Amino acid sequence: MEQLSLFDNQERTAPLANRLRPEALEEYVGQKHLIGKGMILRQLIERDQISSMIFWGPPGVGKTTLARIIARQTKAKFVEFSAVTSGIKEIKEVMAQAEENRIMGTRTLLFADEIHRFNKAQQDAFLPYVEKGSIILVGATTENPSFEINSALLSRCKVFILKALEENEIKELLLYALKSPKGLGNMEISIEDAQVSAIARFSNGDARTALNTLEMAVFNSEMNEKAVLCVTKEVLAQCMNRRSLLYDKNGEEHYNLISALHKSMRNSDPNAAVYWMYRMLDGGEDPLYIARRLVRFASEDVGMADSNALQVAVASYQACHFLGMPECDVHLAHAVVYLAMAPKSNALYMACNACKKDIKEFPAEPVPLHICNAPTTLMQDLHYGEGYIYAHNTEEKMARMQCLPDALAGHSYYQPTTQGKEKQVKERLEEIEKWKNGNAS
């Protein structure tokens with residue numbers, strides 16, 4: 001019990017994620033594409049050449065932490081701003097102080113968390129001070145800055161994309177938290193490596209979620225006779241608010257489940273499809289991965305039989321991107337059920353395969369001269385475009401003109417089925433081919 005008293009003071013009762021917040025680039029986990037040795041952002045920081053920028057990425061990947069490290073390393077005054085509590089008046093007051101600091105030779109790094117929540121007037125209030133150099137604006141957003149930030153302000157900022165942390169990076173952070181005196185290192189804790197990995201998977205790239213889950217699991221564990229806190233599977237499952245499933249996103253089970261989802265939809269079984277989809281979510285799968293597979297399925301297995309399937313799948317992906325888990329599960333279910341119930345055609349998939357085979361065998365067939373572009377007199381003299389018939393100028397809106405290379409003339413790739421709306425496409429294609437062969441009635 002004496003060990004637990006170490007958490008009585010204010011510093012030790014702060015959330016684990018706050019206590020472990022890195023103070024230097026060397027302690028920072030993740031984003032190697034930005035701050036790894038030789039990477040552009042690291043060079044800008046080390047050379048003290050920082051300008052206004054936007055950090056775009058999912059929650060818990062270190063946007064605020066990175067801004068604090070930059071302020072510390074560049075010896076700038078750090079001011080954190082909130083769209084919820086800061087109006088135009090507060091912005092102008094901070095800017096006036098920043099201007100005074102600039103005159104005195106001190107730069108101000110203004111960190112605007114969730115900058116996409118600032119309205120147009122608030123964002124415009126930053127502009128003159130960014131232009132004068134009174135402040136270095138660092139905005140953090142989980143939304144696409146192209147849509148959410150004023151173009152005038154965005155044009156004055158460099159956008160850096162922060163990625164969700166890899167599972168191994170999260171695990172590294174958790175193991176550090178268990179050992180570090182700033183974290184849980186002053187406590188005797190028994191936790192299995194598999195449990196640490198489960199927390200890393202559960203966090204889905206969010207370091208804050210991972211550390212909060214670990215902290216909750218430790219403080220809800222019972223102490224044994226040797227004063228060791230033992231994290232059990234039951235406690236961990238409750239802290240993660242889901243069953244502890246054996247699911248490795250890079251292993252065999254991952255591919256088994258996505259295969260089960262794909263084949264259930266292909267077999268028009270919405271119940272099985274929803275089940276396998278939710279098994280993946282429950283195991284910690286990234287919803288955007290599932291959504292991407294649905295987009296592929298919409299063209300590969302439904303295709304022209306119901307072209308709306310692709311729109312539904314893409315809309316599902318966008319909804320998952322906007323909302324994330326847990327809210328986006330219903331959007332995935334919507335798309336999964338739609339795709340399962342849609343008429344099926346793999347004609348587009350087969351067309352791609354047949355075409356790839358021909359291109360492999362005939363890799364560089366020339367474009368027929370009559371459909372070549374002829375922008376210059378020389379090209380016209382070489383008969384480029386000669387004999388081309390503009391389809392819109394004909395009564396039928398098409399011409400009896402060969403568009404494939406000579407070596408592939410007559411090859412057919414797209415073979416429409418009679419499923420769903422593709423039946424109409426098949427009938428239309430048959431009419432076109434009949435007319436082009438001169439057999440029209």
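An open sheet is built from 5 strands, in the order β2-β3-β4-β1-β5, with parallel pairing. Strands β2 (77-82) and β5 (158-161) are at the edges; each has a single partner strand, so one side of each lacks a neighbour in the sheet. From one strand to the next, the twist averages 20 degrees. The model is predicted.

Pairing of β1 and β4

- Strand β1 (residues 53-56) and strand β4 (residues 135-141) run parallel and are joined by 4 bridges.
- Trp56 has Thr141 in β4 as its bridge partner.

Helices on the sheet

- Helix α5 (residues 63-73) packs on the sheet and touches β1, β2, β3 (108-113) and β4.
- The direction of α5 makes about 175 degrees with that of β3.
- Helix α6 (residues 88-103) also packs on the sheet, where β2, β3 and β4 are the strands touched.
- The direction of α6 makes about 170 degrees with that of β2.

- Thr213 is a residue of helix α12 (residues 207-219).
- The relative accessible area of Thr213 is 5%, and the cut-off for buried is under 20%, so Thr213 counts as buried.
- With neighbours within four places in sequence left aside, Thr213 is in contact with Ile199, Phe202, Cys239 and Met240.

Technical notes
Residues are numbered from 1 along each chain as its sequence is written. This is a predicted model: local features need pLDDT of at least 70, side-chain atom pairs count only at pLDDT 80 or more; totals for chains, interfaces and linings use all residues. Side-chain values use heavy atoms; hydrogens and water are left out. Helices (H or I, at least four residues) and strands (E, at least two) are DSSP runs, numbered from the N terminus. Buried means under 20% relative accessible area, exposed over 50%, partly exposed in between (1.4 Å probe, protein chains only). Contact means heavy atoms within 4.5 Å. Two strands pair if DSSP finds at least two bridges between them. Axes are lines fitted to C-alpha atoms, for helices over the stretch in contact, and angles run from 0 to 180 degrees between N-to-C directions.
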